[in-house]
Amino acid sequence: MFENYKVFEYTYAGRPLKIEVGKVAGLANGACMISYGETVILACATASAAPRDGIDFLPLSVDYDEKMYAVGKIPGGYLKREGKPSEKAILTSRVIDRPVRPLFPKDLRNDVALSLTVMSVDPDCSPEITAMIGASVALSISDIPWNGPIGGAFMGLVDGEIVVNPTAAQRAKSDLELTVAASAGKVVMIEAGANEVDDDTMFAAIMKAHEVIRELLVFIDGIVAEVGKPKFAYPSCELDHDMFDEIFAYCEERVMEALDTDDKNVRDAKMQPIEEDIKATFIEKYPDLSVQLPELIYKIQKKIVRRWLINDKKRVDGRRMDEIRPLAAEVGILPRTHGTGLFTRGQTQVLTVATLGTLSEAQRLDGLDEEDSKRYMHHYNMPGYSTGEAKAMRSPGRREIGHGALAERSLVPVLPSVEEFPYAIRLVSEVVSSNGSTSQASVCGSTLALMDAGVPIKAPVAGISCGLITEDDGSWTTMIDIQGLEDFYGDMDFKVAGTHKGITSIQMDLKIDGLTPEIIREALATTHKGRDYIIDDIILAAIDAPRADVSKYAPKMISMQINPDKIREVIGSGGKVIQKIVADTGAKIDIEDDGSVFIAAVDRDSADRAKAIIDAIVFEPEVGVTYDGVVTRIIPIGAFVEYAPGKEGMVHISKLAPTRTEKCEDVVSVGQAVRVKFLGTDEKGRQNLSMKDADK
């Protein structure tokens, strides 16, 4: 039935990788079912038959679609079906988009869709890497023009050893989460989270990833040779060269003068009349100019900026290649929030706000991972006014979600443990002005906000970006702290965050076909020097250590551990006991199944009172230990003594005094303070005490 069905097998990092072609999705331009271990992804690539009119970019969509059946779960909610993509799915789509996009022809305008459906998940075999490889195979064997293939690898650092595609158990104790995509010749994408990993180790892990990817690409090339389709021809949407040369010569001097400023507002104001003049002068000769004008202006500016950088080593704002824009940092901006940090780099400015909450306010996750919650959340917002645009506020897009996740990943390694700091933590980075590298400004603002909120972070974290300009002869130049124009018209945005000790995150965006080892090493060294300067001269100058205590407006938290068998006593029948504690103290109490108790209150006294009540409920006396108590009642054979709140035992008349006692009242009276030794609990559950032995 399946005449063109082919199966290709390979061993990747010690586990079987199988690619099936020709069995399903036969109407897609290219498709494969890829299995890695027991992880299965259906990868499909489709393209429109004709280019889309009126656009100056490649309309590429990459969708990583998680199916809950892949892990044997039924989706929650009323509808019981998958809804909008999870944050993890969005981030994975971005990780695959970034290495794939630069390898399409620059003049292709046909719609291209990559659909990656997660159908089965083996925890030891990353579905994200499997999907990246599947996308590469689907595009490579299709008739869609694309300059692949690429391969992907996930690298870990376990007990100091670099591990390729670590298992779930290895990932749990790994100090590195590094995703690398590469072609045979160059590295095309890097994304990393790390526990303060040094530059040399990070570089070695990247190079190891490229080594195993090159071997994988030989396997993929074999598949393409056997079942690949010829690439289809398409109408080029490149600008007319004669038109570009004529208009460039007409406006070159004025555009150079407009771009030669460090103020984005001034630059935009000067460019506006130039664009209007170009349109008025050339519209009759080139009737399609209205549609092509945005791309034309982009390429005119790009040519000038790149020429300055390559030939003159001149940056738009006059800085040296290794010079960071003017920096400023401030904390305590907002009076009633729990912590704030304002970080400014040139015309990029981010205000980050920290909020502390109880652990019950941690985010619950419903996805394919085994992780079901997280106590630290970072959100990033970039409204229109930050770039001078008049547009309505909208829910966060993929870019905002990605930048928030990058900042979150950057700070995770320095956060205190739950035991050290029993709070849920939410940071929100509000980009109030944007002219390049807002994600790394949000990292710096986050460090400030956490320290201002009294979060005892292990070390301050700073982030900085490194740009790149390449020449036709293979030579290249890097620059630190790129602003907007250098990002738009350059070849790379290499973002690195970390402490003095090491790297905590990397995200690399490319517009070219890849990086050489020499460029990667220089980018790591350049960003390390930059973040050291920001930490020492800017962040620590604004706040030299985390505040000694949290804000008076933040909840006061106490954590304690009780015997899990006592949880029922603390909660009480129908929750009566814990509800009374909450009513009497005003505290909020969360109890975990392992006996961890977290108490939150608006003031320390309320939290302490709640803890004292719980201590009394779960108190278990030790045999042979002496306690202070109070006589509560007397009967002929002995006296009852409350030796702990809610805990009462009896001192037998024979145990009241060293000598014989005729009547208990001869020795004790109700309300009298006494010392007793706990003798143990008898077969009927009665607690026996002794005053005579306590006196000894």
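Helices (H or I, at least four residues) and strands (E, at least two) are DSSP runs, numbered from the N terminus. By that rule the protein has 15 helices and 29 strands. This is a predicted model: local features need pLDDT of at least 70, side-chain atom pairs count only at pLDDT 80 or more, and totals for chains, interfaces and linings use all residues. Residues are numbered from 1 along each chain as its sequence is written, and side-chain values use heavy atoms, with hydrogens and water left out.

**Overall picture**

- Taken along the principal axes, the C-alpha atoms fill a box of roughly 120 × 65 × 45 Å.
- Of the 696 residues in the protein, 53% are buried. Buried means under 20% relative accessible area, exposed means over 50%, and partly exposed lies in between (1.4 Å probe, protein chains only).
- Contact means heavy atoms within 4.5 Å. Among contacts with a separation of 6 or more, 69% join residues 24 or more positions apart.
- The protein exposes about 31600 Å², and carbon and sulfur atoms supply 51% of that area. Accessible areas come from the Shrake-Rupley method with a 1.4 Å probe; for residues, only the protein chains shown count as cover.

- The expected span of a helix is 1.5 Å times one less than its number of residues.
- Helix H1 covers residues 87–100 and has 14 residues. From first C-alpha to last, H1 reaches 20 Å, close to the 20 Å expected.
- Eleven of the 14 residues of H1 are buried, so the helix is mostly covered. Among them are Ala89, Ile90, Arg94 and Val100.
- Helix H4 (residues 199–227) has 29 residues and should span 42 Å. Its end C-alpha atoms are 41 Å apart, which agrees.
- Asp198 caps the N-terminal end of H4. A side-chain oxygen of Asp198 lies 3.1 Å from the backbone nitrogen of Asp200.

**Links across the sequence**

- Gly402 is found in helix H8 (residues 398–411). Gly402 is buried, at 3% relative accessible area.
- Gly402 touches Leu91 and Arg94, not counting residues up to four places away in sequence. Gly402 and Arg94 are 308 residues apart in sequence, yet 7.7 Å apart in space, C-alpha to C-alpha.
- Asp452 lies in helix H9 (residues 438–452). Asp452 is buried, with a relative accessible area of 10%.
- Leaving aside neighbours within four places in sequence, the contacts of Asp452 include Val331, His338, Ile543 and Arg547.

**Loops and backbone features**

- Ser551 sits in the loop between helix H11 (517–542) and strand E22 (556–561). Ser551 is buried, with a relative accessible area of 16%.
- Not counting residues up to four places away in sequence, Ser551 touches Thr337, His338, Ala453 and Lys556. A polar atom of the Ser551 side chain lies 3.0 Å from the backbone nitrogen of Tyr553.
- The peptide bond from Gly148 to Pro149 is cis, with omega near 5°. Pro149 is in the loop between helix H2 (127–141) and strand E7 (151–158).
- Asp159 is not a glycine, yet has a positive phi of about 55°. Asp159 is found in the loop between E7 and strand E8 (161–164), and is exposed at 64% relative accessible area.
- Ser437 also is not a glycine, and has a positive phi of about 60°. Ser437 is in the loop between strand E17 (424–433) and H9, and counts as buried at 10% relative accessibility.

Definitions and conventions:
Polar contact = N/O pair within 3.5 Å; in protein donor to acceptor, adjacent residues only side chain to side chain.
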